[in-house]
Amino acid sequence: MSYYKMSARDRIIVIGAGSTGSSVAYNLKRATHSEVVLIDKGGVASGMTSFSTAIVRTHYSNEVVAKMAFESRKFFEANRETLRFYKTGMVTVVPSALRKRMEDNVDMLRRLGIREEILEVKEASKMFPWLNFDADEGVSYEPDSGYADPVSTANFFARKAMDLGVKFLREEVHRIENTQGQAKIVLRNGKEISGASVILCTNIWTNKLLSQSGFAKGDLLPLKVSPHPVVIYKRPNGITGLRPVVNDLANRDYYKPEGESLLLGGNLRSELDEADVDPDKPPPQVPFNYIADYSQRISNRIPAMGNAGFHSAYYGMYDNTPDLHPIIDSLASLGLPNFYCCVGLSGHGFKLAPSLGEIVSHLVTGEEDPALEYFRLSRFKEGKSIFKGYEGIGTVG
Ligand SMILES: Cc1cc2nc3c(=O)[nH]c(=O)nc-3n(C[C@H](O)[C@H](O)[C@H](O)COP(=O)(O)OP(=O)(O)OC[C@H]3O[C@@H](n4cnc5c(N)ncnc54)[C@H](O)[C@@H]3O)c2cc1C
């Protein structure tokens, strides 16, 4: 019998095989006896996952996401070789106005069992002599954070899922619809597959798929596709080797020393989160002015970077929600009762992938999970955005 004609009763279809969808497929296969099909138009990790700077940190300003990051980090740690997790530590710097906020935040994180401490500027300068701090800035340090390899991580989940029997299809889903109590997807090649449930892990392409499926602009999900530049430098002698990530909330930038000699520089600029572009038409190249300004800012924080070599720059795109936190919910309110989504990860979803997979499996199987109330779609219409401790600073959460 053709695969496309097989019974749909127990089939779960996951669209998107980035870090999210691969983890979702793996967790669903573990949690159910269903046939699970993972579909991606470009292959595993062919979307934004491969553009990720892949920082794995726990410094979040609300408990629910901090717990998810904490649990996920344990997963990275337990599989550190395969996921290429480097525990470099992370330094967070805030302007004086946010010092109290940071102290309260670190108290909350410590209550959860996360190792993080506030450092006096003098102490921080001693520990990290390559960093420059203003006397009135706030500094914290989390020793267990670092970064992993995003492509290896998505492939790890996809491989584990396939080992358990998940089927992978490299196809583009052109349309989704709900017919006769079942979820149906129509592929670009015209073939149809039905299932009991379909989960959209389609990141920046989610609204495009909904539009193609006949949804009007006003009925789409509250997601913006926002390009964010990353500048890559060759570090000069003296600051090579493994070093902590710097989460520079004072400059609204972050710096990730990668491997022996590179440094990836990203930003936390909330004004960039307002842009909304066609996901298949990112801006062509990072403007020279942006790179020049960025190079100035980074050398204020890391003076030796004044002698760094420029390597390259690229744009990645975030799927931003209005409160920069995910939507993990059923799409019944859109008239798609057998459809679910885990989207809107707003530029910080890589590190959360292990937890996201578990939460989505609870959503689909009906298991109770307090996170589901938190990430519900209706919160935006209810005016109940998720709390953000560092308002105006993007993606920190
Ligand atoms: C520049 C940048 C830096 C980042 N840095 C960090 C960081 O340091 N730490 C962190 O935690 N997070 C970070 N993030 C965010 C994180 O990388 C993403 O949230 C996460 O990787 C998204 O994974 P995903 O699986 O949801 O999306 P994607 O990896 O984009 O996967 C979605 C998949 O869906 C497929 N797809 C879409 N539509 C269809 C369709 N119609 N049919 C078939 N397939 C389809 C696509 O091909 C794609 O492979 C960063 C993101 C960017 C862009």
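Contact here means heavy atoms within 4.5 Å, and the views below are taken from a predicted model.

**View 1. The surroundings of Ile199.** When neighbours within four places in sequence are set aside, Ile199 is in contact with Ile12, Ile13, Val14 and Ile15, with Val24 and Leu28, and also with Tyr340, Val360 and Val364.

**View 2. The largest nonpolar core and another core apart from it.** The largest nonpolar core has 47 residues, of which Val14, Leu28, Ile199 and Ile328 touch the most other members. At least three residues of this core come from each of domain 1 (3-49 + 151-222 + 323-379) and domain 2 (87-144 + 223-319). Another core, made up of 27 residues that include Leu187, Val198, Leu210 and Cys341, lies apart from the largest one.

**View 3. The two domains into which the chain is divided.** Domain 1 and domain 2 have C-alpha centres that lie 31 Å apart, and 17 residues of domain 1 are in contact with eleven residues of domain 2.

**View 4. The second largest pocket.** This pocket has a volume of about 420 Å³, and among the 21 residues that line it, Met68, Glu71, Pro354, Ser355 and Glu358 are the closest to its centre. Two or more lining residues are given by each of α1 (19-31), α2 (63-78), α6 (150-163), α9 (353-365) and α10 (370-374), and α2 gives the most, with six residues. Sorted by class, the lining of the second largest pocket holds ten nonpolar, five polar and six charged residues.

Methods
Residues numbered from 1 in each chain as written. Predicted model: local features only at pLDDT ≥ 70, side-chain atom pairs only at ≥ 80, totals over all residues. Heavy atoms only, no water. 1 Å grid on protein atoms, 1.4 Å probe; cavity = no way out; pocket = protein on both sides within 12 Å on 5 of 7 lines; lining within 4 Å. Points joined across faces, edges and corners; volume = space filled by probe spheres on them. Helix = DSSP H or I, 4+ residues; strand = E, 2+ residues; numbered from the N terminus. Nonpolar A, V, L, I, M, F, W, Y, C, P; charged D, E, K, R; others polar. Core = buried A, V, L, I, M, F, W, Y, C linked by side-chain atoms within 4.5 Å. Buried < 20%, exposed > 50% of the residue type's maximum accessible area, 1.4 Å probe, protein only. Domains from an automatic or database assignment.
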